[in-house]
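Here's a quick briefing to read alongside the model. Take a look at the structure first, then go through the notes by topic.

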Amino acid sequence: MNLEDIEKRLTVVEDVEAIKRLKARYCAYCDDSFNVEGIVSLFAPDGIMDGGENGHAQGTENLKALYATAPSMFSFAIHMVLNPMIEVDGDTGSGTWYLLQPCTSPDGQQAMWGSARYDEEYVKLNGEWKFKRVKIHPIFWTPYEQGWAKAPFGGGMSG
Amino acid sequence: MSLEDLERRLKVLEDVEAIKRLKARYCAHCDDGYNPDALGELFVEDAVWDGGDLGRHEGRGAIRTFFSRASKRRPFAIHMVMNPIIEVAGDTAKGIWYLFQPNTLAEGNRAVWGSARYDEEYVRVGGEWKFKNLKVTSFFWTPFDEGWAKTPFM
C-alpha cells in the first residue's frame with residue numbers, strides 16, 4: 001500500500017459523493033418548476049435522457065426542448081431519490097436509484113404517486129461530474145385515490 | 001499530493017458522513033415523541049429553528065420548548081430524509097435535504113403526508129457537528145384521504 005493507492009481509493013469515494021450531489025441537484029432543478037437551464041447544465045453536451053415512450057432526447061438543445069415540455073406532464077412534482085448503487089471507474093461511472101415522486105397533473109386537479117428506477121451513466125468533464133445518460137423505467141404511476149394495486153399506470157407516465 | 005492533502009480530503013468525507021448521522025439522529029429523536037432533551041443536544045446555544053408557518057424559534061432553550069410541546073399536537077411522525085447536498089468548509093457546513101413525513105395530527109386523529117425541504121447550517125463544536133440553522137420550506141401537508149392536489153395545506 002502506498003500513497004498513490006490511497007489517493008485512488010479516496011478519489012473514488014469523493015466521486016461517489018459528488019455523483020450523489022449531482023443527482024440531488026437534478027431533482028431540485030426539476031422540482032423548481034422544471035428549471036430547464038439548470039437541469040440541462042447537469043448533462044454532458046452529448047448527454048441523453050431516455051424516458052422510452054415518455055420522451056427521449058440527446059444533446060443540449062434537444063434536452064432543453066424535451067425538458068421544456070415537462071410542465072405539460074406535471075404542474076407539480078417532488079423527485080425523491082433513494083437506494084443509490086453507484087460505481088466509479090476513473091472518469092466514468094454508473095448508478096441506479098429509486099424514485100418516489102408525488103406529483104400533480106398539468107391541470108392541477110389530479111394528484112399522482114410516481115415510482116420508477118433510474119439507470120444512469122456519468123462522466124467527469126473538467127473535474128465535474130455530469131450525466132451521460134439518464135434512463136427512467138416507470139414502476140407505477142397511479143392516481144392518488146386509486147393506488148398501485150387498482151391502477152398501476154393510471155396517468156402521468158406509461159410503463 | 002502529500003499525506004496532509006490526503007488527510008484533509010478524507011476528513012471532509014468523514015465530516016459529510018457525520019453530518020448525515022446528525023440528521024438521522026434528529027429524525028429519530030423527533031420520531032421518539034419529539035424528545036426535547038435529546039433534540040436540544042443537537043443544536044448550538046444560539047441556533048435557530050425556522051419552519052415558516054410551522055413556527056420560528058431562536059436559541060436552544062426556545063427550540064427545546066418547541067419540541068417539548070410538539071408531540072401533543074402531532075403524536076406520531078416518521079421523518080424520512082433523502083436527497084442530501086452537503087458541503088463542508090473546515091468547521092462549518094451547509095446541507096439541503098428533502099423530508100417526507102407520514103404523521104398524525106391529534107386534532108381529529110388525522111393522518112397527514114408532509115413534504116418539505118430542509119436548508120441547514122452546521123458547526124463543529126468540541127469535535128462534534130451540531131445544527132446552527134435549520135430552516136423548513138414546506139411543499140405540502142395534506143390529509144391522507146385528500147392529497148396535495150385537492151388540499152396542499154390544511
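**Where the chains meet**

In this predicted model, 17 residues of chain B are in contact with 22 residues of chain A, where contact means that the C-beta atoms of two residues, placed from the backbone, lie within 7 Å. On the chain B side, the elements giving two or more residues are helix 1 (3-30), strand 4 (80-89) and strand 5 (92-105). Helix 1 of chain B gives the most, with five residues. Sorted by class, that side of chain B has 13 nonpolar, three polar and one charged residues.

**Reading notes**

- This is a predicted model, with local features needing pLDDT of at least 70 and side-chain atom pairs counting only at pLDDT 80 or more, while totals for chains, interfaces and linings use all residues.
- Residues are numbered from 1 along each chain as its sequence is written, and chains are lettered from A and ligands numbered from 1 in the order in which they are written.
- Helices (H or I, at least four residues) and strands (E, at least two) are DSSP runs, numbered from the N terminus.
- For the classes, Ala, Val, Leu, Ile, Met, Phe, Trp, Tyr, Cys and Pro count as nonpolar, Asp, Glu, Lys and Arg as charged, and the others, Gly among them, as polar.
- A residue is buried if 20 or more other C-beta atoms lie within 10 Å of its own, exposed if 12 or fewer, and partly exposed in between, with C-beta atoms placed from the backbone.

**Chain A overall**

- Chain A has four helices and seven strands, running α-α-β-β-α-β-β-β-β-β-α from the N terminus on.
- Its C-alpha atoms fill a box of roughly 60 × 35 × 25 Å along the principal axes.
- Of the 159 residues in chain A, 31% are buried.
- Take the contacts in chain A between residues at least 6 apart in sequence: 47% of them join residues at least 24 apart.

**Helix 1 of chain A**

- Helix 1 of chain A (residues 3-31) has 29 residues and reaches 42 Å from its first C-alpha to its last, close to the 42 Å expected at 1.5 Å a residue; the expected span is 1.5 Å times one less than the number of residues.
- Its buried residues include A:D15, A:I19, A:Y26, A:C27 and A:C30.
- Just after this helix, A:S33 takes a positive phi of about 50°.

**Strand 1 of chain A and its partners**

- Strand 1 (residues 43-50) runs parallel to strand 7 (residues 128-143) of chain A, joined by four bridges; two strands pair if DSSP finds at least two bridges between them.
- A:D50 stands opposite A:K135 in strand 7 of chain A.
- Strand 1 of chain A also runs antiparallel to strand 2 (residues 56-58), with three bridges, and A:M49 has A:A57 as its bridge partner there.
- Those two strands form a hairpin with five residues between them, and A:G52 in the turn has a positive phi of about 60°.

**Chain B overall**

- Chain B has three helices and seven strands, in the order α-α-β-β-α-β-β-β-β-β from the N terminus on.
- The C-alpha trace of chain B spans about 60 × 30 × 20 Å along its principal axes.
- Buried residues account for 28% of the 154 residues in chain B.

**B:C30 up close**

- B:C30 lies in helix 1 of chain B and is buried, because 21 other C-beta atoms lie within 10 Å.
- Not counting residues up to four places away in sequence, B:C30 touches B:L39, B:A77 and B:H79.
- B:C30 and B:T92 are 62 residues apart in sequence and 24 Å apart in space, C-alpha to C-alpha.
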